[in-house]
Amino acid sequence: MTIHQIRNATIIIESEDNFILVDPLLGKSKTFVPLTLFCFKPSRNPLVDLPIESEKLLQKIDYCLITHLHPDHIDAVGIEFLRSRKIPVLCCENHAHQLKKWGLNVLQAIDYWETISFLKGKLTATPAVHGYGWVRKPMGHVYGFVWQLSDEESVYISADTIYTDDVKKVLATYKPDVSVLACGSA
């Protein structure tokens, strides 16, 4: 297994002949100003251009995992990329309706702690909490994923989260070989 860091939360997991895109933020740099509340001055996102080698990798994408719908995880260019190529998307129950409304090919929607068969292994949706206190609610539903393969390393993608009992449970129970933790200042 190889993990290609494309941008911030956007990664590509390469496993044997499969390429899984996570959180497709694919637009040009500095095209979106995120909302920030009191913490820091907003910067135009994405902060950097796509790496040169990403175009070749993107042409190989078989599936996409979407952790949540914030514009620093999926943008209009990412949506059009998935839609035009009819790439199967796996997401959480809470996001499936919106993704279908955008014209995406939602292969399967799963809920927290649900495990499904995925390629040559199992995919489990895991809870994530995107902030402390009152910020949690407006940040909405966020899902991480654990992908356990029979003949390769397992990988945990936390999504944007603070360290919670659920994150601790994922690390202790699944013991992922590789963890991609999007914790920021949390």
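A residue counts as buried when its relative accessible area is under 20%, as exposed when that area is over 50%, and as partly exposed in between, with a 1.4 Å probe and protein chains only. Phe118, at 4% relative accessibility, is therefore buried. The model is predicted, so to speak of local features requires pLDDT of at least 70 and side-chain atom pairs count only at pLDDT 80 or more, while totals for chains, interfaces and linings use all residues. Residues are numbered from 1 along each chain as its sequence is written, and side-chain values use heavy atoms, with hydrogens and water left out.

A pair of aromatic rings is described by the distance of the centres and the angle of the planes. Here rings of Phe, Tyr and Trp (its six-membered ring) pair if their centres lie within 6.5 Å; planes under 30 degrees apart count as stacked, over 60 as edge-to-face and the rest as tilted. Three such pairs are found in a search of the whole structure. In one of them, the ring centres of Tyr63 and Phe118 are 5.2 Å apart and the planes stand at 75°, so this pair is edge-to-face. Helices (H or I, at least four residues) and strands (E, at least two) are DSSP runs, numbered from the N terminus. Tyr63 belongs to strand E4 (residues 63-65) and Phe118 to strand E7 (residues 115-118), so the pair ties together parts 55 residues apart in sequence. Tyr63 is buried, as is Phe118.

Phe118 also pairs with Trp147: the centres are 5.4 Å apart and the planes at 55°, so the pair is tilted. This pair again links distant parts of the chain, since Trp147 lies in strand E9 (residues 142-149), 29 residues from Phe118 in E7. Trp147 has a relative accessible area of 2% and is buried. Through these ring pairs, Tyr63, Phe118 and Trp147 form a cluster.

After H5 comes Lys175, with a positive phi near 45°.
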